[in-house]
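Visitor: Can you walk me through this one? I would like to start with the ligand.

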Amino acid sequence: MNNVKAKKRYGQNFLKDENVLTKIIESMPNNNSHLVEIGPGLGDLTQKLVKYKEMTAYEVDSDLFTILQSKFATQIESKKLKLIHTDVLEAWDKQDTLFDGNYDLIANLPYYIATNIILRAFEDDNCEHIIVMIQKEVAKKFAASEGDKDFSSLGVIAKLISKESRILFDVPPTSFEPAPKVMSSILYIRKDKDVKLSLEFKKFLKAAFMQPRKKLSKNLSSIIDKKTLALIYEEMDLSDNIRPHELSASLYRQMHKKVILNDRERRKQQQ
Ligand code: SAM
């Protein structure tokens with residue numbers, strides 16, 4: 001392994017399984033978009049990706065960055081690969097997007113920040129597809145539908161922000177070096193670029209799923225007064241017993257619109 005010791009603090013589990021690497025390449029969208037990879041590591045996936053498209057890769061680890069620079073000297077020279085040495089979350093803080101033009105994100109993500117990365121990619125207007133390896137349990141949350149016990153605020157956001165969100169296949173720990181403790185999955189998301197979710201809506205979802213097994217009305221009572229909530233439930237013909245995972249993403253959106261309207265109405269009356 002190039003005599004490199006994997007660093008736990010950077011979530012380094014290198015993908016060594018040729019079959020899995022090939023399957024990731026086969027799931028690449030058939031388009032002309034640029035590719036962005038987060039955490040190229042030792043460059044096994046990068047090597048395959050760069051054969052097909054121009055790409056940008058963000059790596060935080062200085063030791064790996066040095067190895068990648070010499071391994072991909074030719075591709076860097078010919079501008080097929082732009083290698084950036086930084087924490088990708090800091091890059092997003094500074095410039096809002098990881099690439100100045102349409103791009104697809106393909107990566108074996110560091111699991112400790114995988115959820116954060118996906119949520120940032122949702123907000124990045126230039127990102128069109130997200131094809132990422134993450135912990136299976138987290139992938140299930142992003143791909144869940146209403147009624148599934150895994151359906152959470154992540155599932156609601158993914159449903160609204162995408163035209164398609166699903167798990168492509170699972171990858172066992174033995175495909176990595178060192179082997180992670182958990183099962184992994186490849187998550188595929190095709191974004192709907194017309195959809196924008198407000199911070200208020202995300203806060204509303206956070207409250208709705210605060211105690212996931214409690215009644216939704218109980219959770220929402222922390223941010224909406226009883227009378228308004230009862231009115232909204234009646235208008236939407238919802239049972240008071242409904243649990244947070246049972247309401248669909250579009251109904252969450254509808255409910256939030258009603259909350260805003262009610263709020264406005266009440267403020268008008270107070271004036
Ligand atoms: N792509 C390689 C592979 O498939 O074998 C490595 C994947 S490994 C799971 C995660 C990679 O992300 C490591 O190279 C790690 O150094 C890098 N990484 C961790 N945190 C990062 C961050 N905040 N910004 C950019 N890269 C990061």
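Visitor: Which strands each supply at least two residues of the shell around the ligand?
Guide: This is a predicted model. In it, strand S1 (14-15) and strand S3 (55-59) each supply at least two residues of that shell.

Visitor: And how many residues surround the ligand?
Guide: There are 23 residues around the ligand. The closest are Leu15, Gly39, Glu59, Asn108 and Tyr112.

Visitor: How do the residues of the shell divide into nonpolar, polar and charged?
Guide: Twelve are nonpolar, seven are polar and four are charged.

Visitor: Which polar backbone atoms are listed with a nitrogen atom of the ligand, and at what distance in Å?
Guide: A polar backbone atom of Val88 is 3.0 Å from a ligand nitrogen. For Pro40 the distance from a ligand nitrogen to a polar backbone atom is 3.4 Å, and for Val60 it is 3.5 Å. On its own the ligand has 590 Å² of accessible area, and the protein covers 99% of that.

Visitor: What is the lining like by class?
Guide: The lining of the largest pocket has 17 nonpolar, eight polar and four charged residues.

Key: Residues numbered from 1 in each chain as written. Predicted model: local features only at pLDDT ≥ 70, side-chain atom pairs only at ≥ 80, totals over all residues. Heavy atoms only, no water. Near = heavy atom within 4 Å. Polar contact = N/O pair within 3.5 Å; in protein donor to acceptor, adjacent residues only side chain to side chain. Areas by Shrake-Rupley, 256 points an atom, 1.4 Å probe, with all protein chains shown as cover. Helix = DSSP H or I, 4+ residues; strand = E, 2+ residues; numbered from the N terminus. Nonpolar A, V, L, I, M, F, W, Y, C, P; charged D, E, K, R; others polar.
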